[in-house]
Amino acid sequence: MPIKPGYLDFHVHVGERIGGYTLRDDFADLQRLCHNPDDPINPPLMGMGVFVTQPDTGSLAQHLEEMQSHAARNFSSPVYWHLTPTRDDVSQVVPLLGKGIDLKFYTTYRAQGLYRSYTELERWMQNLSDQKTRFLIHCEDDDAVQHYSEKHPFRHPFDHTLRRPERCELIAVEKVLDLALKHQHPVHIVHVSSPNSALLIQEAKKQFSGISCETTPHYLLLNEDDLKAKDAHRLICTPPFRSERSRGMLVELLQDGVFDILASDHCAFTLPDKDRYKNQPEKVPCGIAGIGTLFSSVYEALVRSGKITLQQLVELTQTRVMQLMELEA
Ligand SMILES: [Zn+2]
């Protein structure tokens with residue numbers, strides 16, 4: 001089968017402010033990736049899914065319009081929009097929904113104003129039972145995160161792994177899957193980092209085809225020991241990297257086809273912003289870069305070694321992402 005070189009990234013934070021910091025990249029910065037030469041190892045970016053989070057002041061509608069006009073002026077490939085209402089209610093959000101747009105919710109990040117309880121998620125599903133708009137969900141149970149965070153002060157980047165262990169993700173994934181099955185509501189679970197969560201998702205997918213999930217290259221290629229290295233504060237992202245055992249199991253699950261897509265969760269901050277509080281890891285903005293290496297890093301590590309085929313990588317970063325973004329092949 002002839003393969004058109006190129007990849008899409010369904011999970012990209014660009015052109016917004018997060019936690020008081022302006023993200024490193026704007027649409028114009030990522031546009032450069034669309035011009036990669038037709039190199040089979042580092043192909044051009046063909047599109048992306050971008051997050052639009054309701055800002056502290058103003059409506060989601062207004063922010064979406066600004067983001068869309070930015071993209072139209074600076075980015076030439078298709079963009080899919082993942083909207084996070086923080087204060088707007090369903091009646092304000094429904095008019096925004098349509099082709100190329102879904103919703104993103106978080107079961108954690110209370111301090112950032114993003115947290116949604118399982119009851120709230122269920123209410124959104126009930127209120128959108130006609131539209132069946134897909135929900136992307138960041139699954140980490142906030143009560144569990146608080147429980148572990150109280151036990152483990154954040155003194156070193158490695159503490160991140162103890163404060164947000166796999167169990168936090170697993171609890172939330174189980175509850176969210178129950179809701180998706182109960183309401184037959186399409187759900188896409190983002191950045192799955194725990195093999196046990198992936199196994200639950202695999203089971204739920206057998207019962208409802210509206211469930212999908214992604215993992216990211218960093219959970220497949222890095223492990224928690226990387227958070228012990230020099231300048232490890234630069235690698236702080238959520239969920240944290242997992243044990244070598246879990247990393248290996250995730251690769252096996254990738255081989256088994258459990259993950260629908262690979263996405264980067266690109267969330268890059270400038271180096272001065274990442275380094276400012278290097279000795280106070282709790283204050284380091286959370287997120288790492290990844291869109292530029294989404295395809296090439298997995299090609300180098302998993303295709304060259306024969307763990308997955310090039311065909312699989314193309315499905316994970318192109319064919320199935322286009323399906324999720326409702327793009328014609
Ligand atoms: Zn993200």
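In this predicted model, helix α10 comprises the twelve residues 244-255 and spans 17 Å from its first C-alpha to its last, which is close to the 16 Å expected at 1.5 Å a residue. The buried residues of α10 are S246, R247, L250, V251, L253 and L254. When the helix is viewed down its axis, these buried residues fall within an arc of 160 degrees, so they line one face of α10. Just after the helix, G257 adopts a positive phi of about 85 degrees. In the loop between α9 (217-221) and α10 lies P239, and the peptide bond that joins T238 to P239 is cis, with omega near -5 degrees.

Most residues other than glycine have a negative phi, and most peptide bonds are trans. Against this background, two further residues deserve mention. Y109, although not a glycine, has a positive phi of about 65 degrees; Y109 is placed in the loop between β6 and α4 and is buried, with a relative accessible area of 17%, the cut-off for burial being under 20%. D265, likewise not a glycine, has a positive phi of about 55 degrees and is situated in the loop between β10 (261-262) and α11 (271-275).

D265 also takes part in the metal site, where the zinc ion is coordinated by NE2 of H11, NE2 of H13 and OD of D265, at 2.1 to 2.2 Å. The spacing of these donor residues in sequence is H-x1-H-x251-D. With regard to accessibility, H11 is buried at a relative accessible area of 1%, H13 is buried at 8%, and D265 counts as buried at 11%.

The structure contains nine aromatic pairs. A pair of aromatic rings is described by the distance of the centres and the angle of the planes. For F105 and W124, the ring centres are 5.3 Å apart and the planes stand at 50 degrees, so the pair is tilted. This pair links distant parts of the chain, since F105 belongs to strand β6 (residues 101-106) and W124 to helix α4 (residues 118-127), the two being 19 residues apart. Both partners are buried: F105 has a relative accessible area of 1%, and W124 has one of 7%. F105 also pairs with F135, with ring centres 5.0 Å apart and planes at 75 degrees, so this contact is edge-to-face. Because F105 lies in strand β6 and F135 in strand β7 (residues 135-138), the pair ties together parts that are 30 residues apart in sequence. F135 is itself buried, with a relative accessible area of 0%. Elsewhere, ring pairs join Y7, F295 and Y299 into a cluster.

R110 lies over the face of Y115, at 3.9 Å from the ring centre, and K228 is placed over the face of F158, at 4.8 Å from the ring centre.

Terms used:
Residues are numbered from 1 along each chain as its sequence is written. This is a predicted model: local features need pLDDT of at least 70, side-chain atom pairs count only at pLDDT 80 or more; totals for chains, interfaces and linings use all residues. Side-chain values use heavy atoms; hydrogens and water are left out. Helices (H or I, at least four residues) and strands (E, at least two) are DSSP runs, numbered from the N terminus. The expected span of a helix is 1.5 Å times one less than its number of residues. Buried means under 20% relative accessible area, exposed over 50%, partly exposed in between (1.4 Å probe, protein chains only). The arc is that of the directions from the helix axis to the C-beta atoms. Donors are N, O and S atoms within 2.8 Å of the metal (3.2 Å for Na, K and Ca); water is not among the atoms, so sites may look incomplete. Rings of Phe, Tyr and Trp (its six-membered ring) pair if their centres lie within 6.5 Å; planes under 30 degrees apart count as stacked, over 60 as edge-to-face and the rest as tilted. A charge sits over a ring if NZ of Lys or CZ of Arg is within 6 Å of the ring centre and within 35 degrees of the ring normal.
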